[in-house]
Amino acid sequence: MRFLAIIPSRYASTRFPGKPLQLINGKPMLQHVFERVKESGLFERAVVATDDMRIEKAVENFGGDVIMTSLHHQSGTGRCAEAAEKIGGNFEVIINVQGDEPFIEHTQLKMLCRCFLDNTVKIATLIKKIEKQEELFDSNVVKCVTDISGKALYFSRSPIPFLRDKPQKEWVYSTDYFKHIGIYGYRIKELLHLVKLPPNRLEQAESLEQLRWLSSGFTIHTALTEIETVAIDTPEDLLKIR
């Protein structure tokens, strides 16, 4: 099976402008992501997809592979789809690695790729059990509930499920909660279909593009990782990891 890794990256983040180029141990955050993806050995090619010349130059400076895409994409998925079409090469599965996951692990990438050994899996992502109270109530940490087979039922910025008969301080210890790890895999046909779907009210309410897919009848398979990663959404997150 042929895997292509694409790292969508934009400079003009609403919450954290210039985030991909912030330095961690002397390297741009984006470089950490790219190197971890390349070093995994899982992909025939790894590419950064961006709309910004500053990011393009930074990737070229550290010897990475970069492709320029449209300014008009509203999500990383759209940027991945454009990049995949430009690259061609008959890749079967596209892995979308978020540029704000500088600590993504080889085993997590491998776990996601292995999901596609099942021919029925068209879209896959990772989840991890939430262990900390502050994560459960942090709207930047996206929560996921699944059915008994691991298919996603819903994603939310709110804690789900709601425990009606427990005080909130006990929720994290009273049932299993899972957070979404920001990495996706798609078969190429599904990816090109997803980007043609119109926005819907659930996606707009939560600002989560995967709700558009679920609402349109697509199935998202999840794999459970036990590895803790640190996604960097805000300047405060960066200060913590530094």
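Visitor: What space lies in the second largest pocket?

Guide: First, the ground rules: this is a predicted model, where local features need pLDDT of at least 70, side-chain atom pairs count only at pLDDT 80 or more, and totals for chains, interfaces and linings use all residues. Residues are numbered from 1 along each chain as its sequence is written, and side-chain values use heavy atoms, with hydrogens and water left out. On a 1 Å grid over the protein atoms alone, a pocket is an open set of points where a 1.4 Å probe fits, with protein on both sides within 12 Å along at least five of seven lines; its volume is the space filled by probe spheres set on the points, which are joined across faces, edges and corners. For the second largest pocket that space is about 240 Å³.

Visitor: Which helix gives the most to the lining of the second largest pocket?

Guide: Lining residues have an atom within 4 Å of a point. The second largest pocket has 17 of them, with His73, Ser75, Gly78, Val195 and Arg212 nearest its centre. Helices are DSSP runs (H or I, at least four residues), strands likewise (E, at least two), numbered from the N terminus. With five residues, the most comes from α3.

Visitor: What is the volume of the largest pocket?

Guide: Its lining counts 48 residues, and Arg15, Lys19, Asp100, Asn140 and Asp233 lie nearest the centre. Strand β10 gives the most, five residues. The volume is about 1800 Å³.

Visitor: How many charged residues are in the lining of the largest pocket?

Guide: Ala, Val, Leu, Ile, Met, Phe, Trp, Tyr, Cys and Pro count as nonpolar, Asp, Glu, Lys and Arg as charged, and the others, Gly among them, as polar. The lining has twelve nonpolar and 17 polar residues. The charged ones number 19.

Visitor: Why is the pair of tyrosine 184 and tryptophan 213 given its class?

Guide: Rings of Phe, Tyr and Trp (its six-membered ring) pair if their centres lie within 6.5 Å; planes under 30 degrees apart count as stacked, over 60 as edge-to-face and the rest as tilted. The search of the whole structure finds six aromatic pairs. In one of them, phenylalanine 162 and tryptophan 171 have ring centres 4.9 Å apart and planes at 75°, so that pair is edge-to-face. The rings of tyrosine 184 and tryptophan 213 have centres 5.1 Å apart and planes at 65°, so this pair is also edge-to-face.

Visitor: Tyrosine 184 and tryptophan 213: how many residues apart are they?

Guide: The pair links distant parts of the chain. Tyrosine 184 is in strand β10 and tryptophan 213 in helix α9. They are 29 residues apart.

Visitor: Is phenylalanine 162 buried or exposed?

Guide: Buried means under 20% relative accessible area, exposed over 50%, partly exposed in between (1.4 Å probe, protein chains only). Tryptophan 171 has 2%, so tryptophan 171 is buried. Phenylalanine 162 has 58%, so phenylalanine 162 is exposed.

Visitor: Which side chain does asparagine 96 join through a polar contact?

Guide: Asparagine 96 is in strand β6, and at 0% relative accessibility asparagine 96 counts as buried. A polar contact is a pair of N or O atoms within 3.5 Å; within protein, one must be able to donate a hydrogen and the other to accept it, and residues adjacent in sequence count only if both atoms are side-chain atoms. Here the contact is 2.9 Å, and the partner is tyrosine 186.
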